[in-house]
Amino acid sequence: MQAILQSAYGEPAEVLSLGETTKPVPAKGEVLVRVHAASMHADVWHVVKGWPYVLRLMGGGFARPKNPIPGTDMAGIVESVGEGATRFQVGDAVFGECAKGFQWANGGAFAQYVAVSQEALALKPGNVSFEQAASVPTSGLIAWHNLMGHRPWRSGQHVLINGAAGGVGAVALQLAKAHGAMVTAVEHTSKLAMVRALGADHVLDYSRDDPTQGSARYDLILDVASNLTLGDCARVLKPDGVYILIGHDHYGASGSQWLGSGIPAFLKLALRTAFNPHLIKPNMAAPNKQIGTALFSDLMAKGQLTPVVDRAFPLAKVVDAMAYLQSGRALGRIVLIP
Ligand SMILES: NC(=O)c1ccc[n+]([C@@H]2O[C@H](COP(=O)([O-])OP(=O)(O)OC[C@H]3O[C@@H](n4cnc5c(N)ncnc54)[C@H](OP(=O)(O)O)[C@@H]3O)[C@@H](O)[C@H]2O)c1
């Protein structure tokens, strides 16, 4: 089969190439999917660059990636099923996350075929395209886990999403709206129309407005862009309002080579959890992919989660797709088509 092969950690143009490799065989509990679309996002960039270095110690491969094929999520058609895989049948249209374990590892999505655990898949609703469905799983699981996985959800709460048009933010916005929240979305001027169309009740333009000033008070601040401080957010949080950091490294622009910026920031917040009313003990358990992906499938079928795809690139143009991701210009998600 054709796949993008990653020879080492480094610059995308130097380490990624289109090549031929063996078609995977589904193991016990896995299904083989003919990939129709796979998504490009910030964590794929991290694993291609091997940045921050600590990710190399987290199971994905020390000197080079253990799995040479990048990509963590995709949508496609079930080609065959492994022993004991009974949830799907040959011919089903499915989507899901193919990275095993921690997401800072290659998952094999940038290929014509990938073998995926049946627990990580759901049926793709007929009203969304393969491109749309492929863009959801990894960002959706992060959004769902951080929005709803740390504490009981309260309908009617006011949620501020900082970076609401990006991969994680756009799903978080729609999940929050589908579950009865009022949402204020913070974004760049060029993306405000998009977040309004996705259902934001209020919008703030980060080039002009400071989301930590003003009279609004929030129950939850989801800091996807990760440029706010807890101290500043405390001014606009309700007394029991909660600050949650996603940890965006902005493609190496922030943080150290070893740890990036997200890990030190999480550790600092973790140390303050016992003393600050706006921090909650994080739920360290990995999100349940079967439940999360089924939720996304249901919301897409009902029209409550509408993934926006900016552009689809052919597999061979993976380097261009990654450069476009880093440019920050995309209005919606970027996908690859094998
Ligand atoms: N998407 C995924 O599948 C995924 C999966 C796992 C983990 N993550 C992690 O989650 C983090 C976020 O990923 P993402 O895919 O959501 O990133 P993203 O698509 O780059 O979204 C971030 C958004 O924040 C906006 N932004 C930039 N500066 C801002 C500011 N000062 N105030 C408010 N908004 C600002 C960006 O707009 P401009 O660029 O126009 O400024 C962009 O729309 C990353 O660290 C990533 O590693 C993502």
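**Close-up views of a predicted model**

View 1. Domain 1 covers 2-138 + 287-337, and domain 2 covers 150-272. Their C-alpha centres lie 25 Å apart.

**View 2. The ligand and its shell.** Where does the ligand lie relative to domain 1 and domain 2? Both domains give residues to the shell around the ligand, so it lies between them. There are 27 residues around the ligand. Those that come nearest are Ser 139, Gly 163, Gly 166, Gly 167 and Gly 328. By type, the shell divides into 14 polar, nine nonpolar and four charged residues.

**View 3. Elements that supply the shell.** Helix 2 (42-49), helix 4 (137-148) and helix 5 (167-178) each supply at least two residues of the shell around the ligand. Strand 9 (182-187) also supplies at least two.

View 4. The strands run in the order 10-9-8-11-12, and the pairing is parallel. Strand 10 (202-205) and strand 12 (237-245) stand at the edges. Each has a single partner strand, so one side of each is left without a neighbour in the sheet. From one strand to the next, the twist averages 15°.

**View 5. Strand 8 beside strand 9.** Strand 8 spans residues 158-162. Strand 8 and strand 9 pair in the parallel sense over five bridges. Take Ile 161: its bridge partner in strand 9 is Ala 185. Strands of a sheet pair through backbone hydrogen bonds.

How values were computed
Residues are numbered from 1 along each chain as its sequence is written. This is a predicted model: local features need pLDDT of at least 70, side-chain atom pairs count only at pLDDT 80 or more; totals for chains, interfaces and linings use all residues. A residue is near a molecule or strand if its C-beta atom, placed from the backbone, lies within 6 Å of it. Helices (H or I, at least four residues) and strands (E, at least two) are DSSP runs, numbered from the N terminus. Ala, Val, Leu, Ile, Met, Phe, Trp, Tyr, Cys and Pro count as nonpolar, Asp, Glu, Lys and Arg as charged, and the others, Gly among them, as polar. Domain bounds come from an automatic or database domain assignment. Two strands pair if DSSP finds at least two bridges between them. Axes are lines fitted to C-alpha atoms, for helices over the stretch in contact, and angles run from 0 to 180 degrees between N-to-C directions.
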